[in-house]
Amino acid sequence: MSMFKWDVVDPAPGEAVAPNQRLSWGKTAGLGAQHVVAMFGATFVFPIVMGLDPNLAILFSGICTILFLLVCNNKVPSYLGTSASFVAGVAAIRAQGGDSSDVTGAILISGLVLLAVGVLVHFAGAGMIHKVLPPSVTGAVVMLIGFNLAPVVASIYWPQDQWVALLTATFMVVAACLFPGFWSRIAVFLALIFGYLISWLFDAIFGQINSITGSSNGELLEHDRVSWAGVKAADWVGFPSGDLADGVSAVHGPSFSLTFILLVLPGVIALIAENTGHVKAVAEMTGEDLDPYMGRAIGADGAATALASLFGGSPTTTYAENIGVMGATRVYSTAAYYVAAVVAILLGLCPKFGAVVSATPGGVLGGITVVLYGMIGLVGAKIWVENRVDFGNPVNLVGLSAGIIAGIGGVTLKFTDDFSLSGIALGTILVIVYFHLVNMRGKHTDRTSGEVTKVL
């Protein structure tokens, strides 16, 4: 049967809709719109903080979602939005003088590495992931990726408008934790709107602000918090164009540097964990065995990341926000994701929409990122907790400690005048090497089994 034929159903309230089923096209379009809103905030916030084009990110999120669905044979409903796993590595690249082409070149190689991992998992089985990257290691890497971003917030975004940042962060925390149902899942989007309104209100009441901006190289400037000059000049329809803040064209080819590649490669580990968790979550919700599609999902995400980066786009990953929508609606139809992908592509072809996104005030980004970056780091702790990682075992307590501190603290290991390892790259290497060095007997390092057994 064709992949593009879904059984049309009209389920009773609370009854699930399987991936190979769909509601009427009208209801499916409505669900697709929900998925767009759910992924919307994070998908264009992360390109902005990485210095890439948000319009291009939205466009490729739609293209890459379709690619993912096709590779997974429409068995794994998922939306591919912008990945946060590379944000810290990108910040490190820019801190060392790299531009956007260096960023996308490094991410492209990471995407190809993830693709290779997906192919390997497809033929060797999902068990190899847990052997090489057990939860203790994965959690440590994700944690150091998130917490490594703290200086970015403190030195770049927060100082642009500290009071708007504080109000935006407060609203986002309240929205994510106290708003009901679906509204809590789009807290990033709601915080963006709130921050925009507060910035506009402050401009009207207090006038211009004297602070740094994202392009002022740390110099104090008098400026409006909200400036839509670029929005007025942008076309309604067209391909993403123009130059980024560093002078590189929004659509550009990649450049390659081994030093920069090593800075973002740890993000691959986070993407493996994200994709693995996503497939398992969908399998649990749908009641289907999706382990045979684990390798396809990982490989498809790698191919999507490489494809987007080839044209200057942002890296991709499967989105937990959209899992939340499926959990709330119990509709797992892949047809809804095709609708969401088409809508995203259309938004990506609207330069005026991209200009609105790019005009996001710095203080708003400060408030959003101070929460998001902390959440990325704490996802690492969540991995530890969910897998009951045993820190009474010195393999975990001692084996992971040096890598975490080296990664978060920015420790540097210099080899030559032109090559060194530092931050996330060095931290990840130490975490993996030290853990396996002292865990050579292959004993369990968590408490999920109830007894000491060999690692699968």
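**Exercises on a predicted model**

A204 counts as exposed because its relative accessibility is 59% (exposed means over 50%, buried under 20%, partly exposed in between, with a 1.4 Å probe and protein chains only). The model is predicted, so local features need pLDDT of at least 70 and side-chain atom pairs pLDDT 80 or more, while totals for chains, interfaces and linings use all residues. Residues are numbered from 1 along each chain as its sequence is written, and side-chain values use heavy atoms, without hydrogens and water.

**Exercise 1.** Find the helix that holds A204, and give the distance from A204 to D224.

*Solution.*
- A204 sits in helix α10, residues 187–206 (helices are DSSP runs of H or I, at least four residues, numbered from the N terminus).
- A204 and D224 lie 20 residues apart in sequence, and their C-alpha atoms are 9.7 Å apart.

**Exercise 2.** State how many disulfides the structure holds, and examine C350.

*Solution.*
- A disulfide is a covalent bond between the sulfur atoms of two cysteines; here the cut-off is a sulfur pair within 2.5 Å.
- The structure holds zero disulfides.
- The closest cysteine sulfur to that of C350 is in C64, 20 Å away, which is too far for a bond.
- C350 counts as buried because its relative accessibility is 14%.
- C177, at 61%, counts as exposed.

**Exercise 3.** Classify the residues that line the largest cavity.

*Solution.*
- The lining consists of S85, F86, G89, I145, L263, V264, P266, G267 and I424 (lining residues have an atom within 4 Å of a point on a 1 Å grid over the protein atoms alone, where in a cavity a 1.4 Å probe fits but cannot get out).
- By class, six are nonpolar, three polar and none charged (Ala, Val, Leu, Ile, Met, Phe, Trp, Tyr, Cys and Pro are nonpolar, Asp, Glu, Lys and Arg charged, the others, Gly among them, polar).

Definitions and conventions: On a 1 Å grid over the protein atoms alone, a cavity is a set of points where a 1.4 Å probe fits but cannot get out, and a pocket is an open set with protein on both sides within 12 Å along at least five of seven lines; lining residues have an atom within 4 Å of a point. Helices (H or I, at least four residues) and strands (E, at least two) are DSSP runs, numbered from the N terminus.
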